[in-house]
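Q: Please take a close look at one part of this model. I would like to see how its pieces pack against one another.

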Amino acid sequence: MAKEGVEKAEETEQMIEKEAGKEPAEGGGGDGSHRLGDAQEMRAVVLAGFGGLNKLRLSRKAMPEPQDGELKIRVKACGLNFIDLMVRQGNIDNPPKTPLVPGFECSGIVEALGDSVKGYEIGDRVMAFVNYNAWAEVVCTPVEFVYKIPDDMSFSEAAAFPMNFVTAYVMLFEVANLREGMSVLVHSAGGGVGQAVAQLCSTVPSVTVFGTASTFKHEAIKDSVTHLFDRNADYVQEVKRSSCDTILREVPSLCHLANFCSENRPGEKRGRQEHNYPAHNARISAEGVDIVLDCLCGDNTGKGLSLLKPLGTYILYGSSNMVTGETKSFFSFAKSWWQVEKVNPIKLYEENKVIAGFSLLNLLFKQGRAGLIRGVVEKLIGLYNQKKIKPVVDSLWALEEMANDSTETSEAGEEEEDHEGDSENKERMPFIQ
């Protein structure tokens with residue numbers, strides 16, 4: 001974390017401690033709410049209209065109350081994800097009408113229970129998915145989207161947990177069936193999902209992880225992946241070369257065997273075949289990887305499919321190549337769409353390849369798979385309790401700073417590279433008190 005990020009995080013934590021010891025302000029409640037007459041209000045970051053950062057406003061809104069089956073949560077932290085940038089630009093299918101409060105995940109304390117809610121009590125520490133409205137001091141969300149958090153998990157960690165780790169887990173284990181000895185290519189390896197993928201892969205023996213990321217991210221994430229490439233490099237050839245090198249390192253005699261056999265002249269008996277070394281593995285490994293996780297789309301779709309081994313799985317879970325600036329760009333959208341390789345089902349059949357897509361929010365809010373996701377969260381919490389995974393929180397930001405933030409993100413969780421100040425670019429998490 002750059003010095004500025006550390007200082008801001010410390011300032012935010014000090015602000016929280018200071019606010020916790022304050023007496024209720026005149027006309028306000030001790031719970032952080034504000035009263036105008038008989039109505040309670042709260043602060044929220046409001047998106048006034050689709051477009052640039054100037055469309056975000058810190059406003060006061062009526063505080064929601066839980067309906068039947070909902071919990072009311074006093075928000076302590078909420079996550080900032082790439083999908084929030086897409087929403088701000090209106091770069092999603094069927095965007096809701098503005099004004100709206102962005103945000104899809106948060107953590108906090110249960111403040112009230114709606115009718116028929118069971119299994120939770122007022123005061124419980126929880127994290128939750130929210131169908132918008134997470135960037136506020138208070139949210140209400142159905143009980144099926146709420147999960148208790150471990151005692152030693154901080155609120156900021158909990159706010160960085162649901163979207164990133166659930167997305168990574170479902171893609172790796174539910175869709176692609178990750179197993180021992182497999183290989184994975186993940187784009188935007190420095191983003192939230194990318195880091196979650198790397199951590200989860202480390203829980204399976206002998207998994208090789210290839211990652212692409214902006215160069216300014218490499219130093220921070222180099223130890224989390226097996227092979228790391230610049231996102232603008234020809235990573236297809238690099239992955240194949242690295243795959244072959246890995247096989248040769250793991251089977252040292254294979255290199256000697258390959259050289260020995262290649263020296264045989266036509267008609268001569270091949271030497272040392274009785275050792276039966278798997279020389280064909282070098283060729284198979286050079287064909288690519290078992291799993292490709294693509295949040296970029298565009299020409300990366302064709303590259304990803306070309307890298308798949310037989311029975312490999314390509315999963316598209318984003319389209320950040322369509323976002324190249326602060327506001328929606330028709331040119332970027334058209335270019336990305338044009339570069340997407342048109343998939344031929346017959347070719348997939350002939351090459352024994354699988355192509356899939358994944359949208360966590362659609363799975364939750366449109367397709368009714370909350371039960372599946374709850375099971376995934378329980379497994380992830382188990383891994384957290386075993387110290388095998390841990391959310392990465394780069395920095396903390398106060399609610400007021402979100403409406404005035406000027407940092408852009410260009411990949412899923414990675415910020416756009418600024419050649420004049422790479423080290424100061426941050427993946428930001430608003431902290432709400």
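A: Start with Leu 380. Leaving aside neighbours within four places in sequence, Leu 380 is in contact (heavy atoms within 4.5 Å) with Phe 161, Phe 165, Val 166, Tyr 169, Leu 200 and Ile 389. This is a predicted model: local features need pLDDT of at least 70, side-chain atom pairs count only at pLDDT 80 or more, and totals for chains, interfaces and linings use all residues. Residues are numbered from 1 along each chain as its sequence is written, and side-chain values use heavy atoms, with hydrogens and water left out.

Now the helices, which are DSSP runs (H or I, at least four residues) numbered from the N terminus. Helix α4 spans residues 162-175 and helix α14 residues 370-385. Their axes, lines fitted to C-alpha atoms over the stretch in contact, come within 10 Å and cross at roughly 100°. The angle runs from 0 to 180 degrees between N-to-C directions. α4 and α14 are therefore roughly perpendicular (65 to 115 degrees). On the α4 side, the contact is made by Phe 165, Val 166, Tyr 169, Val 170 and Glu 174. α14 brings Leu 372, Ile 373, Val 376, Val 377, Lys 379 and Leu 380.

α4 also meets helix α5, residues 192-201. These axes come within 8 Å and cross at roughly 55°.

Terms used
Helix = DSSP H or I, 4+ residues; strand = E, 2+ residues; numbered from the N terminus. Parallel < 35°, antiparallel > 145°, perpendicular 65-115°, else oblique.
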